[in-house]
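Please read the following briefing alongside the sequence and the coordinates.

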Amino acid sequence: MLEARDIIETISMIREERLDIRTITMGISLYDCQCDDTDRLCTRIYDRIMSRARDLVRTGEEIEKKYGIPIINKRVAVTPIALMAGGVNIDGAVRLARTLDRAARELGINFIGGYSALVQKGFTNGSRTLISSIPQALAETERVCSSVNVASTKAGINMDAVAEMGRIIRKTAELTGEQQSIGCAKLVVFANVPEDNPFMAGAFHGIGEPECVINVGVSGPGVVASAIRRKGDCDLTEIAETIKRTAFKITRVGQLVAREASERLGVPFGIVDLSLAPTPAVGDSVAYILESMGLEKCGCCGTTAALAMLNDAVKKGGVMASSHVGGLSGAFIPVSEDAGMIDAARCGALRLEKLEAMTAVCSVGLDMIAIPGDTPAEVISGIIADEIAIGVINSKTTAVRLIPACGCGVGDSVSFGGLLGEAPVMPVSTWSPAKFIARGGRIPAPIQSLKN
Amino acid sequence: MKAVVSVIGRDSVGIIAKVSAGCAECGANILDISQTVLNGYFTMIMIVDIRELAMPFNDFVDRMSGLGRKNGLDIHVMHEDIFNSMHRI
């Protein structure tokens, strides 16, 4: 029999602590849309997405109503478009982006992921074309998300790609300068990218995935922060236990929704991504979790340790609650999308260097960080190289989503609205890595990649 | 199959009667009720059997939240599976 205490706990998690399912993301393979004629390629891709995902939004809404839990986003991720772009030129690639955008608009989803390339070891013609087209593609579309994997623990770091992505990010910022450089909010550079991540902007449908799959991302920073506050003055072992218990409950809801969505849509269930994904809404912040553990402000000394414990406890609690865990799974620390991070960055408690250290112990990387609009491309590449090296050496995913805010300097803010939030422009070291970046080549795979 | 009906609102005469009548009209059989009034606020949790519902479950959800709006109450219906998933291994 259901107990009143459990019922009240669940209801208050949803209504007061903002527990939600962050996204149901349908992964769709486009391999058999391949065609040497760009028009027909676009038509086939559009038709494939529309036929596979036509019931996605409606199904999400029905599940939302049945269980009384908000499902914030319904999204689509497709085969990396670089694999489809071998026979097209840059204009053709941009047309593919517009095709994805049109499909997303007509499906009623806010983002579609997969305008992506995997170049950790080198460029194919298709990936070169796609990467060159990214600035224009992101400037001409509204809902398309792009990602480029430039390194892996197995392959090392493709420094030519790192250098190129510095220039691409700058150009994307300039082309979308009139909209606060929003194009860069939809562009991620990865190391060790997961192929089943349901979260944007880094989602794509990986090469080992089935024809079609449902992946679910859970959320719930507010629930974790409230649970810690309720514990009062306990020691850290007890806080870790509390986080584990809470993560278990959150993930069980994700598993329930994933199973139901998979059954209703007749599409296999892939994974639940047990991430704590913040939103700019007050009370839905990962920074507040860290502060509820006893830090005066996120970014102060002790922040990396607190985040390490949080990230580990989330995984330990969540892993038993789902039959398949995947994606990024951990705590996200996007600055612009987290009210506590915004606040900490604005008052100077949280700096880029501290964020970099934090990314060594949590699931993603330097995420949604606004930097001065005049930051040179090679400095952006240097930031990417540092962050990517952390991922490669530690055999984990890291990512960079930087916004060089056109016309803005330190002290200014850029505001994207909605889930993308608002970012204070953070200072960046102005010493130049230009010569290091210009060398190009590949940083070899680290010794820990030789596991066989 | 069961569902949980939660009702929150300012206390007044006849809340249980109205909500129970709403459930009966939809074919939801009440199995359990617990309710309190705290600081003038009425809180009730009902567990209802939904096997004999006269309509699809999501219509029942809409009917009950509509009934809530009409009477100044916050009424939510949630399928029991979300509670079982979260609190039972």
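How many of the 17 residues of H6(A) are buried? The count is 13, so helix H6 of chain A is largely enclosed by the rest of the structure; a residue is buried if 20 or more other C-beta atoms lie within 10 Å of its own, exposed if 12 or fewer, and partly exposed in between, with C-beta atoms placed from the backbone. This is a predicted model, in which local features need pLDDT of at least 70 and side-chain atom pairs count only at pLDDT 80 or more, whereas totals for chains, interfaces and linings use all residues. Residues are numbered from 1 along each chain as its sequence is written, while chains are lettered from A and ligands numbered from 1 in the order in which they are written.

**Helices of chain A**

- Helix H6 covers residues 159–175 of chain A and reaches 24 Å from its first C-alpha to its last, close to the 24 Å expected (1.5 Å times one less than its number of residues).
- Helices (H or I, at least four residues) and strands (E, at least two) are DSSP runs, numbered from the N terminus.
- In helix H12 (residues 352–359) of chain A, the buried residues are A:Leu355, A:Met358 and A:Thr359.
- Seen down the axis of H12(A), these buried residues fall within an arc of 100°, so they line one face of the helix; the arc is that of the directions from the helix axis to the C-beta atoms.
- The packing partners of the buried residues of H12(A) are helix H10 (303–319), strand E9 (366–372), helix H13 (377–393) and strand E10 (398–405) of chain A.

**A loop residue of chain A**

- A:Ile207 lies in the loop between strand E6 (187–191) and strand E7 (212–218) of chain A.
- A:Ile207 is exposed, with 12 other C-beta atoms within 10 Å.

**Chain B**

- Chain B has 3 helices and 4 strands, in the order β-α-β-β-α-β-α from the N terminus on.
- The radius of gyration of chain B, taken over C-alpha atoms, is 13 Å, close to the 12 Å that the globule rule (2.2 Å times the number of residues to the power 0.38) gives for 89 residues, so chain B is as compact as a globular protein of that length.
- Of the 89 residues of chain B, 30% count as buried.

**Interface**

- 17 residues of chain A are in contact (C-beta atoms, placed from the backbone, within 7 Å) with 18 residues of chain B.
- Helix H1 (4–15), helix H3 (56–67) and helix H8 (236–265) of chain A each supply at least two residues of the side that touches chain B.

How values were computed: Two residues are in contact if their C-beta atoms, placed from the backbone, lie within 7 Å.
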